[in-house]
Amino acid sequence: MWIRDRRVGRWRLRSVLNAVAAVVVSAALLGVLGFGYGTIPALGPALDPGRGAWTSASGGQPAGSQTLHVPGLTAPVSVSYSSQGLASIDAANTHDLFVALGYVHAKFRLSEMDLERRLGEGRLAQLAGPSDLSSDEFELRLGLLRTAQNEWARTTGQARAALLAYAQGVNDDIAAVRAAGDWPAVFTLTGSYPTPWTPVDSLVIQGVLTQELDYTTGPLDEAVLARSLGAGRTTDWLPVLAKNAQTPYDPGPYVKAPLTPVAPDAASSAPGGSITTTASVAPGGRPPGIPPRTGGSSPPVSPSAVAAAAAQLLDQLSQLPANQIHQYPDSNAWAANGPAVKGDGALLGGDPHLPQTEPSVWYEVALSAPGYQVSGVSVPGLPGILLGHNANIAWSLTDTQNAATRYYAERIRDDSYYWRGAWRPMTVVHYTIPVRGGATVNLAVDITVHGPIMTQAGQRMAVDWMGNVPSDDIAALFGINEATDFTQFRAALTGWRAPTQNFVYADKAGNIGVIAPGYYPQVAAGCRPWLPMPGTGACDVTGVIPVQAVPQVYDPPSHLIVTANQRPVTAAYPYYIGTSADFYDPGYRAAYAYKYLASHEPLSVASVAALQNNVTDSLASRVLPSLLTALGTASLSSSQRSVVSLLSSWNYAMDAGSAAATVWWTFWNDYLTTVFEPWWKAGKVPVGRDVDGLAVGPGQAPLNEDLEAWTLNDASNAAFRGPSGRGPGSAPAAMVAAFRQAVTHLSAKFGGSPSTWTWGREHARSFPSVEDAAGLGYGPRAASGDPFSEDAADGGLTATTGPSWRMIVTFDAGALSAVGVYPGGQSENPASPWYTNLVPLWWDGQYLPLPVPGAPAGSIEWSLNG
């Protein structure tokens, strides 16, 4: 999904509050607290228990429906709120509509919006001090600000007008808050207040969202693993195509068309002109479009130097705030039509699995103006509706497979780099970074044709990331908001570059479809894009997959479409889109959803809601029979036998009250470590460089797929013998060892009868505050689900990632019905009744009708059975 976690790493509001508390202890500083001194802000107002650190602007009272009269409007605008805080905005024209949306976003999420733009623009240290300097330096090197500036210079038409109007609305709210002196606590505590909002700020937020969905470290991780485990073993265990069967939504036949040319420096985000090329790829050998995994014609680059540079960059990335690098699983979206749906209409269900925070990543709103009627969820900081419906169509998004991040080992001499047979000067961009409580830092960013240099010592590494290609996402979004059929929907997405997403679609005429637009970079045959490549020109991006050939399907014969981050195409697809490590998900959710939907036809809102809340682990359903067979012939104690009995009667649901769920999850983790950890230790894999990308565990999709495939089809694979040859030797022996280890661990942790080892004792969900301030989040609370269930829970045994928005839209005989819910609230103010009021509804599988464009917001709840 095209959205991100608003939590800002190590910048902790609670640390500011603790600092304030320490100051309060000293009576000598009471005057400073009341009036300020020098660079120290007056903190007295922030400590006011009614209006200070625990509240935001405008106090904690819910807003009432009103008619807006603010600067920038050409006519009054009506804004109404339901009792739950869902908003409806009705304006006389789209200019006024987006002024009002900017105003309403800022009214309820100004702190969140300001922190978001600071993150992307490299200005967190101005608030937090040296602890966030590494984040600022990384973002300024990567170039989100440069890309946003380039995008704004190219933005025209409706998108330009909307961004300007939206900025006006945000600034109207900032001016009102400034006049009242009722700032959110973040600004009062730090004495640093928001600067005027600009369209570039909105585009920076767009870039941050893209980064957290599209920027990956796969080639860096693979370089480190190849150095530690050996290239052959790494290739085998992280193959191009997964070992298990996938369920692609686009089974072909496929179009093989010439690549769309791109400038070699299209993703550099450097200012100035670019060089054009018309080169194209001619894939050969192996599955179509997949270059060989070994050998190649690239100029020689020292593998050890590249691996060292990759490790250095991974070290830097590990210091960043949470979720700035794409790691987590990403969403479900399903569509059905015709005989698969009650009434023979069309149905769409979507639930993006994203970091869950308070306030939420979303703001729910209906927007109405002549020619523009749309409802769904918006992103504070951006105009328009990202997920939702208009009168004719509905849409949702999931992340798709695309190796959009390429790394290049550059040859550097002084201020030049070697490319295409000549030494060329690097572009150098200079920044100054203000640091709270410290000296201003000067930063120089070197940029080659491939992109910014990200490593500063030894082998220099540049990143060629498609997220730095200027993308007309805002224009595409408005095109979607106004589309009436799939032709217009698809046309609106032709300018979408990044992040690559599956746009899932349904309409009132009963049609369904999906398309995954974006830049899928291609390189010459013989190059190895799954590893850092030489920067001398031979392995440059030569083009991207043409839009008519990207994964897509329309009205499939099955009448079903499922996207759940599985590989979207078969092995016959004639272009390279990544390896099994780039799927983001092993395909378990997709396979289960196809099976579930087909078995519940004709589908209804209730059946789709049940699937969105389903916690079946389909990996368990595949592997558990083999485990039970192995345990059936093993010598086990009576207590171990009682645990086997729990598993024998289990329905594979990761319910909070299930003890078998706890045993399964613990076993699977132990099974992975039993098989793979000896290899990791023997190879001295530097896991600490990137725990998410290098550690053995269920978060590594290829390892899950490998172990599943070996267990079911290759029980004597050499991996079971271990690097010393003294390992368990087979899948059954490894499973028995892992089972015994799991039982020992759980017995020591919980004691008592195994029936009391419920999943809710082991597993919880938590929705932390965006400032990570203690007491301002929700949870932890005992919870169901795991990363492989439809109702996904990821981020560890205390999950912080999962369905961030559940939406179901139906078209029955042309009549539209839409419900949705997200786990949060419309306000960022902890004192507001709209802060976490939607969490209980989400938790219990309830939904609310989406506000209707042009009508006052309603307040009726809808239950899973309703």
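Why are Arg-109 and Glu-112 separated by about one helical turn? I looked them up in helix α3 (residues 94-121); they are three residues apart there, so about one helical turn separates them. Helices here are DSSP runs of H or I with at least four residues, strands are runs of E with at least two, and both are numbered from the N terminus.

**Ground rules.** I am reading a predicted model, where local features need pLDDT of at least 70, side-chain atom pairs count only at pLDDT 80 or more, and totals for chains, interfaces and linings use all residues. Residues are numbered from 1 along each chain as its sequence is written, and side-chain values use heavy atoms, with hydrogens and water left out.

**Salt bridges.** I searched the whole structure and found 14 salt bridges. The term means a side-chain nitrogen of Lys or Arg within 4 Å of a carboxyl oxygen of Asp or Glu. Arg-109 and Glu-112 form one of them, with the closest N and O atoms 3.0 Å apart. I then checked burial (buried is under 20% relative accessible area, exposed over 50%, partly exposed in between; 1.4 Å probe, protein chains only). Arg-109 is at 0% relative accessibility, so I noted it as buried. Glu-112 is buried too, at 2%.

Next I took Arg-765 and Asp-791. Their salt bridge has its closest N and O atoms 3.0 Å apart. Arg-765 sits in strand β26 (residues 764-767) and Asp-791 in the loop between β27 (778-782) and β28 (798-799), so the bridge ties together parts 26 residues apart in sequence. Arg-765 is buried at 3% relative accessibility. Asp-791 is buried at 8%. I also found a network: shared partners join Asp-114, Arg-117, Arg-118 and Asp-201.

**Glu-705.** I found this residue in helix α21 (residues 701-713). Glu-705 is buried but has no salt bridge. Which side chain of opposite charge is nearest? It is Lys-243, 7.9 Å away. For charge, Lys and Arg count as positive, Asp and Glu as negative; His and the chain ends are not counted. Lys-243 has a salt bridge with Asp-236, the closest N and O atoms being 3.5 Å apart. Lys-243 is partly exposed at 31%, and Asp-236 is partly exposed at 37%.

**Disulfide.** I counted one disulfide, taken as a pair of cysteine sulfur atoms within 2.5 Å. Cys-527 is joined to Cys-539, S to S 2.1 Å. The torsion about their S-S bond is about -90°, so the disulfide is left-handed. Both cysteines, Cys-527 and Cys-539, are buried.
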